[in-house]
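Biologist: I have not seen this structure before. Please take me through some of the labels used for it, and say what each one rests on.

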Amino acid sequence: EVQLVESGGGLVQAGGSLRLSCAASGFTFDENAIGWFRQAPGKGREGIVCTNSDGRTDYSNFAKGRFTISRDNTKNTVYLQMNSLKPEDTGVYYCAMTPICAYDYYYWGQGTQVTVSL
């Protein structure tokens, strides 16, 4: 059974940092891509960044310079380091699995809440 479990969310003041984790199981982790998404209250889901199995990454414009994705294939985990957080970064953050970043995502985690206060 494929499982993706996010953790690391929480409440942080504007300008602060958080590191989210996505622990994966049930599939060949180092042969697949993992993406991070978020959904703000009252808004649709938006992509943040994706990392392919070969380490190539694809960032959304708003994430460049503040967010950094990394993966540890020995731990089947992908991380999202978020710096200089803003109140508009508040939302539920999800990770998802796809064979290649440009493809549809097959499996999703349950999400972790990130709240950025003024």
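Biologist: Why is Gly-111 called buried?

Modeller: Its relative accessible area is 15%. Buried means under 20%, so Gly-111 counts as buried. Keep in mind that this is a predicted model.

Biologist: Where is Gly-111, and which residues is it in contact with?

Modeller: Gly-111 sits in the loop between strand S10 (107-108) and strand S11 (112-117). Beyond its neighbours within four places in sequence, Gly-111 is in contact with Glu-6, Val-92, Tyr-93 and Tyr-94.

Biologist: How many disulfides does a search of the whole structure find?

Modeller: The search finds 2 disulfides. Besides the pair already described, Cys-50 and Cys-101 form one, with sulfur atoms 2.0 Å apart.

Biologist: What makes the disulfide of Cys-50 and Cys-101 left-handed or right-handed?

Modeller: The torsion about the S-S bond is about -85°, so the disulfide of Cys-50 and Cys-101 is left-handed. Cys-50 lies in strand S5 and Cys-101 in the loop between S9 and S10, so this pair ties together parts that are 51 residues apart in sequence. Both Cys-50 and Cys-101 are buried. With the bonded cysteines numbered in sequence order, the pairing is 1-3, 2-4.

Biologist: What makes a set of residues a nonpolar core, and which residues have the most contacts inside the largest one?

Modeller: The members must be buried nonpolar residues joined through side-chain atoms within 4.5 Å. The largest such core has 24 residues, and Ile-34, Trp-36, Leu-80 and Met-82 have the most contacts inside it. Elements giving two or more residues to this core include strand S4 (33-39), strand S8 (77-82) and S11. S3 gives the most, with 4 residues. Another core, of 6 residues, lies apart from it and has Phe-37, Ala-96, Cys-101 and Tyr-105 among its members.

Biologist: Why is Asn-76 called partly exposed?

Modeller: Its relative accessible area is 25%. Asn-76 is in the loop between S7 and S8.

Biologist: What is the phi of Asn-76?

Modeller: Phi of Asn-76 is near 50°, a positive value in a residue other than glycine. Most residues other than glycine have a negative phi. Ser-84, in the loop between S8 and S9, also has a positive phi of about 50°. Ser-84 is partly exposed, with a relative accessible area of 41%.

Biologist: How do you know that Asn-32 is buried?

Modeller: Asn-32 has a relative accessible area of 12%, and the limit for buried is under 20%. Asn-32 is in the loop between S3 and S4. A polar atom of its side chain lies 2.8 Å from the backbone oxygen of Thr-28.

Definitions and conventions. Residues numbered from 1 in each chain as written. Predicted model: local features only at pLDDT ≥ 70, side-chain atom pairs only at ≥ 80, totals over all residues. Heavy atoms only, no water. Buried < 20%, exposed > 50% of the residue type's maximum accessible area, 1.4 Å probe, protein only. Contact = heavy atoms within 4.5 Å. Polar contact = N/O pair within 3.5 Å; in protein donor to acceptor, adjacent residues only side chain to side chain. Disulfide = S-S within 2.5 Å.
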